[in-house]
Amino acid sequence: MAHTLLVAGTASHVGKSTVAAGLCRYLADRGVSVAPFKAQNMSNNARATPGGEVGVSQYVQARAAGVAPSTDHNPVLLKPRGDGESQLILDGDAVGHFEARGYYDEHWEDALETARAAHDRLAQSHDVIVAEGAGSIAEINLHDRDLANIETARFADADILLVADIERGGVFASLVGTLELVPDDIRKQVAGAVITKFRGDQSLLDPGIDAFEDRTGVPVLGVLPHDDPGLPEEDSVALPPVGERSVVGDNDAVPDAESVTVAVPRLPRISNFTDLQPLAHEPGVRVAYIPPDAALDDADAVVLPGSKNTVDDLRALTDAGFGDRLRAFDGPVVGLCGGYQMLGEAITNASIEGTGDADRVEGLGLLPVTTEFSESKTVEHVQRDIDGVGPLSGASGTVEGYEIHMGDSKLTGAAARPFDGDGAATDTVLGTYLHDLFINDTARDAFVRNTFESAGTVLPATTGRADGDPYERAAGLITDHVDLGPLGLSDQ
């Protein structure tokens, strides 16, 4: 059976996903057969595999490990849809929508068996499994049903690497408190700890490390500097709250006066917002997440992202007057998946989303398109030939990405042109179901160029940031800063 290492955290957003991806690439670079694993993930940032949906982090970690992404890497996925309810996906297939109590009462045993079986399959075909925990491993109210942490540690007999984030303060209290609160058998499996997001002189931290090790007997195996390798974010913790504004991509060398701003409404149920990350990496492009009631005065382009609940998010935009401001906006507008559906004239069979009994909900009206919801769900990786139109004019060739959506959209008039088979466009507005559109150079370059031209701003001479391969950068954090000996990986 494979050696399983569980990368567990003292809290959410402490850097578990980056550490796990770095370990996957580190081992893969040394010829080790390695696979990622997360027994249960809760995220609306999903990716399509041949078997169905998985969380984005496990998709990324599989790429880092050099293996084809599979539902075995994330056998249980919960996709929040608001009002305390989530869609449950087992082995890539949607089972239904449940509140937390209903999930634990009715499907917990199924989820546990699904996760255990997936891990067993991976263990039979790989030497090492890098498992990622969820949130904090010390949630004592959940220890009897903590699938991603406690149960994984037990059924995989995993060594545990505890990850703590120093940026939020109280790192040693978090580590000590976590070790005090985990069950005794799990405490014995903790092989070491890693401190992430450190800035400054490490010699000032060393006395605390020594005191922690003396108190607990757990070695601190590394201190990782504050460095973002550029991997996609797993969940909306990285985004501002719905009513606040946040800008990404403003840390380049391009003066603000020579840059452009792509406004993205911060939908209450936003999903797959990693679609915007490639734009934020372009020199001179700022991606601004804005409240639904915000003005568009400083926007040069607008992108409507995906949504886990398109109808409710559409209503939120309408109630905030966003549609009126968007119709008055004269720059490029792109809608991705749910955002595409919102840009149309209407959504029919809207009650299928379970958000009321209305059969028809009016859209924002920027594209002559009507979307009809159905019970069936499209989940697939796709390649498309495009001939750029509207905001993507000038783009051509083959693009690839993935689709995860319910419903089909059809043109209702001659005012728009087809795009990529499922999408539609006018001179200034484009909608598509294709996630990861902007990862494709031809699409991203065309959109950025057209945005600069529309804003009357000169495109920077350089394109793309010289950040390097994000997988190798994540691996570099491991090789440069972590002692892998106590984890049994130094000789791999």
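User: Leaving aside neighbours within four places in sequence, with which residues is His435 in contact?

Analyst: This is a predicted model, in which local features need pLDDT of at least 70 and side-chain atom pairs count only at pLDDT 80 or more, while totals for chains, interfaces and linings use all residues. Residues are numbered from 1 along each chain as its sequence is written, and side-chain values use heavy atoms, with hydrogens and water left out. Contact means heavy atoms within 4.5 Å. Once neighbours within four places in sequence are set aside, the contacts of His435 are Asn272, Asp275, Cys337, Gly401, Tyr402 and Ile404.

User: Is His435 buried or exposed?

Analyst: His435 belongs to the loop between strand E26 (429–432) and helix H13 (441–455); helices (H or I, at least four residues) and strands (E, at least two) are DSSP runs, numbered from the N terminus. Relative accessible area, taken with a 1.4 Å probe on protein chains only, is called buried under 20%, exposed over 50% and partly exposed in between. Because its relative accessibility is 1%, His435 counts as buried.

User: What is the length of the polar contact that joins the side chains of His435 and Asp275?

Analyst: A polar contact is a pair of N or O atoms within 3.5 Å; within protein, one must be able to donate a hydrogen and the other to accept it, and residues adjacent in sequence count only if both atoms are side-chain atoms. The side chains of His435 and Asp275 are joined by such a contact, at 2.7 Å.

User: What is the phi of Asp436?

Analyst: Asp436 is found in the loop between E26 and H13, and with 11% relative accessibility it counts as buried. Most residues other than glycine have a negative phi. Asp436 is not a glycine, yet its phi is positive, at about 70°.

User: Which residues line the largest cavity?

Analyst: On a 1 Å grid over the protein atoms alone, a cavity is a set of points where a 1.4 Å probe fits but cannot get out, and lining residues have an atom within 4 Å of a point. Grid points are joined across faces, edges and corners, and a volume is the space filled by probe spheres set on the points. The structure holds one cavity of 30 Å³ or more, and the largest has about 30 Å³ of space. Its lining consists of Ile137, Ile160, Leu162, Thr178, Leu179, Val182 and Val190.

User: Which elements give two or more residues to that lining?

Analyst: For the largest cavity, they are strand E10 (159–165) and helix H6 (171–181).

Methods
On a 1 Å grid over the protein atoms alone, a cavity is a set of points where a 1.4 Å probe fits but cannot get out, and a pocket is an open set with protein on both sides within 12 Å along at least five of seven lines; lining residues have an atom within 4 Å of a point.
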